[in-house]
Amino acid sequence: MKPFVKWAGGKRQILSKIKNYINDAISEDTNCSFRYIEPFLGGGAVLFDLAPSKAIINDLNEDLINAYRIIASDRYEELISLLKKYKTNYDDDKDGTYYDTRQMDRAPEWSTKDPVERAARMIFLNKTCYNGLYRVNSRGEFNTPIGRYMNPTICDEATIRDAHNYLSKNNIIIMNESYEVVMTEAGDGDIVYIDPPYDYQDDDGFTKYQLQGFTFEDFRKLKETCDKAIDRRAIIILSNNATDKVIALFEEDPRYKISYFPEHISTLRNINSNGSGRKTGKEIIILGMPDGIPFPQANDINKVIDLAMLNEEDLKNKDKLLKDLNVNNERQIAYYLSALKFFGYINNKCQFTSSANLVRSNRETLEQDIISQLLNNKIFKKTLDNYLLNKRIDIETIAQDLIKIEKITSETTAMRRASTVRKWIEWLILKKGF
């Protein structure tokens, strides 16, 4: 699917990079059951391309969100009809139709206009204004001049229908709130993609195109909000320009990884009518993850042991780890590294701890230490006791215990982690001969 509007700062040019990070943050056994949250939605390029079955999407722009809601509703056919009328009128009189339509929000009765009419106006202006730039004056009135297009697609009927089918047939919550309100929803296992207004070295970013503005102090507050979401075990993926200020804000926090490419990610910022005058920005993607994920999805305990027996420098060699662990992506490597953290064998810098070095002398000593730790863990001890009593391992019971004991709020996440508990218990039973 593609967006039904063009939006300044859209992600289509770096979409594959962002998708790689999102896909790496999703385990293979989720079957797309994760919940996706996007607080700064805009045109929704990432949303429509990823098409998650569960999502919370949000934008502070009331007109934009109204259009999403109409498309998701059973009134989308009315919207298509109105856009076709706009197309006819525009073909007859481009300037007159555009500026008469732009003036609508100056009228006293505008606030009571039918939502479908408001949505049609918004999409028409987006398709015909200068570069799709949504800009308002100090009174909140749309004031972008007309664009000079030969034949703009005012009514992209197929795209609107695709968007309707997706938004209406999946569990998609559409919000028109501040990002702070939306971020309070982010919790265990949620994937949060954040595309805030971009920072520039000269402080000349998208802030001037928003009525409310977005300063670097706002960016600091956004980071604090991300911190709290990570504390609730959400996964954060944030894209922005690679300015010194943005890098400094995140690079000293061990929970965030700033991804650098040979030239970062080069993209064209489409906010200038003159192609030669458009800025080429250097972008980065920041991945924020909670520390010490309990019972990480590293189901093969023998691979955990193999990892613990490696040399320390090998832990940082991604190509070697992909081969040695026989996994498909770096996210799966992260699961096994998290398992080493779970057992207290490595720190956040991927360095072996002193306790690890005491037991890494040989494989049998390492196995005995893992067995001892599992037997002293409430979840594993309870699961083993249930097995000894009933001779069966019930994954749903494990999941409920995780929800009660570990305070995991997502049933899907609990089931995924319960799978790890079951695999590790099966290994323990085999080793101990129960």
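## Basis

The model is predicted: local features need pLDDT of at least 70, side-chain atom pairs count only at pLDDT 80 or more, and totals for chains, interfaces and linings use all residues. Residues are numbered from 1 along each chain as its sequence is written, and side-chain values use heavy atoms, with hydrogens and water left out.

## Overall make-up

The protein has 18 helices and 8 strands (DSSP runs numbered from the N terminus, helices being H or I of at least four residues and strands E of at least two). Of its 434 residues, 52% are buried (under 20% relative accessible area, with exposed over 50% and partly exposed in between, using a 1.4 Å probe and protein chains only).

## Helices H4 and H7

Helix H4 (residues 76-92) packs with helix H7 (residues 157-169) at an angle of about 165°, and their axes are 11 Å apart. Axes are lines fitted to C-alpha atoms, for helices over the stretch in contact, and angles run from 0 to 180 degrees between N-to-C directions. H4 is therefore roughly antiparallel to H7 (an angle over 145 degrees).

H4 contributes Tyr76, Glu77, Ile80, Leu83 and Lys84 to the contact, and H7 contributes Glu157, Ile160, Arg161 and His164 (contact means heavy atoms within 4.5 Å).

## Two loop residues

Most residues other than glycine have a negative phi. Asn326, not a glycine, has a positive phi of about 55°. Asn326 is in the loop between helix H12 (318-325) and helix H13 (330-342), and is exposed at 63% relative accessibility.

Lys391 also is not a glycine and has a positive phi, of about 60°. Lys391 lies in the loop between helix H16 (378-390) and helix H17 (395-405), and is exposed with a relative accessible area of 52%.

Conventions: Angles under 35 degrees count as roughly parallel, over 145 as roughly antiparallel, 65 to 115 as roughly perpendicular and the rest as oblique.
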